[in-house]
Amino acid sequence: MREVETIIVGGGPAGAACAWKLRQVGREVLVLDRAAFPRLKPCAGWITPLVLRELQFKPADYPHSLMTFKRLHFRIRGRRIPVPTRQYSIRRTEFDAWLLERAGALVVQHRVRHIRRENGQFVIDDQFRCTYLVGAGGTHCPVYHTFFKELNPRAKERVISTLELEFPYSWHDANCYLWFFDHDLPGYSWYVPKGNGYLNIGIGGKQFVMKARGETIRQHWERFAEKLQRLGLVQNGALEPYGYTYSLRSEVAVAQKGNAFIVGDAAGLATLDMGEGIGPAVQSGLRAAEAILTGRPLNLKGIPKYSFWQILFPFWK
Ligand SMILES: Cc1cc2nc3c(=O)[nH]c(=O)nc-3n(C[C@H](O)[C@H](O)[C@H](O)COP(=O)(O)OP(=O)(O)OC[C@H]3O[C@@H](n4cnc5c(N)ncnc54)[C@H](O)[C@@H]3O)c2cc1C
């Protein structure tokens with residue numbers, strides 16, 4: 001049995017941020033992730049200046065592709081609303097691997113299945129033992145399912161269904177477009193150019209609304225793909241996306257139970273207006289580390305529930 005002070009389940013932005021903060025003061029951390037990094041994570045890869053500030057790096061420090069948008073082009077029921085701002089796009093496959101490596105923690109590829117408490121500690125799959133356990137395993141986090149699900153049920157009204165595709169593409173239009181409520185989609189669709197000749201396109205909407213109307217996200221995707229072709233933004237023939245679900249922010253009643261914590265998508269923290277989850281994942285991961293270091297309770301208050309302030313005032317502290 002391998003014993004460490006803190007085990008973080010999941011090496012995405014939430015887990016990597018937590019590990020980074022703990023490692024900065026030399027604490028012992030093991031990250032368990034079922035995937036080998038770099039790994040695929042469905043995500044448009046939009047990040048706000050707050051993410052860079054929280055993780056203390058500047059665009060020039062980032063060794064992979066990062067694009068800067070000085071404007072986001074909103075289209076709300078056909079109305080054009082260009083919003084001056086400062087936002088960034090990264091490729092998650094690169095960004096997450098870089099964050100995790102930068103954290104300087106030991107990482108073991110392992111899919112966590114069973115967790116039990118034993119003598120005030122946590123035992124994982126009879127192979128790992130720890131004093132502090134951080135659940136950063138995203139939507140299907142086993143720490144959430146073992147210790148937090150009943151205390152913190154995820155409201156079905158907050159579940160978002162998504163379809164997206166990231167692929168090499170020599171895009172001609174370097175703008176970032178966001179279409180809200182097209183064909184009554186209860187959500188929005190996006191076109192996000194990436195550096196090094198990649199493009200991310202996708203669509204997300206409230207699952208329960210679509211279900212109640214007898215619609216599917218796939219039907220919305222077909223219309224979206226047609227639109228991209230019509231606008232000349234994408235000229236590929238078949239656009240075969242992959243799907244994922246996650247939860248928008250609910251009132252997180254309990255994010256800490258003794259020495260167990262949940263952060264990021266495991267706690268369901270993505271913003272209510274844009275489904276932006278990287279910033280909340282990073283902030284909550286840092287705060288879990290703070291709670292471990294200080295012994296004070298994990299506090300998620302003040303982690304933004306909406307993204308629009310960060311779009312309108314990107315340098316607001
Ligand atoms: C299509 C789509 C587009 C999005 N676009 C954006 C965007 O542009 N900007 C934004 O801010 N947010 C966006 N989001 C939300 C964002 O991707 C998430 O909120 C964010 O990734 C949450 O980070 P996390 O670290 O909590 O979880 P994750 O990034 O999901 O990381 C969880 C990690 O846990 C690991 N794991 C899971 N189960 C286990 C297990 N049993 N054992 C071991 N490891 C496990 C996984 O392999 C994974 O590496 C988008 C989401 C989707 C689905």
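Predicted model: local features only at pLDDT ≥ 70, side-chain atom pairs only at ≥ 80, totals over all residues.
1. Most residues other than glycine have a negative phi.

2. Phi of R77 is near 45°, which is a positive value in a residue other than glycine. R77 has 9 other C-beta atoms within 10 Å, so R77 is exposed.

3. A further backbone point concerns a proline. The peptide bond from F37 to P38 is cis, with omega near 0°. Most peptide bonds are trans. P38 belongs to the loop between β2 (29–33) and β3 (46–47).

4. The start of the chain deserves a check in the viewer. M1 lies in the segment before β1 (2–9), and M1 is exposed because 8 other C-beta atoms lie within 10 Å. M1 and F128 are 127 residues apart along the chain, yet their C-alpha atoms are separated by 5.5 Å. Leaving out residues up to four places away in sequence, M1 touches Q127 and R129.

5. For the chain as a whole, the secondary structure comprises 8 helices and 16 strands. The radius of gyration is 20 Å, close to the 20 Å that the globule rule gives for 317 residues, so the chain is as compact as a globular protein of that length. Taken along the principal axes, the box filled by the C-alpha atoms is roughly 60 × 45 × 35 Å. Of the 317 residues, 45% are buried. Among contacts between residues at least 6 apart in sequence, 70% join residues at least 24 apart.

6. Helix α1 (residues 13–24) packs with helix α3 (residues 92–103) at an angle of about 20°, and the axes are 8 Å apart. Because of that angle, α1 is roughly parallel to α3. The crossing in which α1 passes α3 is left-handed. On the α1 side the contact involves P13, A16, A19, W20 and R23, which meet D96, L99, L100, R102 and A103 in α3. By class, the residues of this contact are 7 nonpolar, no polar and 3 charged.

7. α1 also packs with helix α7 (residues 278–294), here at an angle of about 35° and with the axes 7 Å apart. The α1 and α7 crossing is right-handed. From α1, the contact takes in P13, A14, G15, A17, C18, K21 and L22; from α7, I278, A281, V282, S284, G285, L286, A288, A289 and I292. The residues of the contact of α1 with α7 divide into 12 nonpolar, 3 polar and 1 charged.

Technical notes: Residues numbered from 1 in each chain as written. Axes fitted to C-alpha atoms, helices over the stretch in contact; angles between N-to-C directions. Helix = DSSP H or I, 4+ residues; strand = E, 2+ residues; numbered from the N terminus. Parallel < 35°, antiparallel > 145°, perpendicular 65-115°, else oblique. Left-handed = near helix turned anticlockwise from the far one by under 90°. Contact = placed C-beta atoms within 7 Å. Nonpolar A, V, L, I, M, F, W, Y, C, P; charged D, E, K, R; others polar. Rg over C-alpha atoms; globule rule 2.2 N^0.38 Å. Buried ≥ 20, exposed ≤ 12 C-beta atoms within 10 Å, placed from the backbone.
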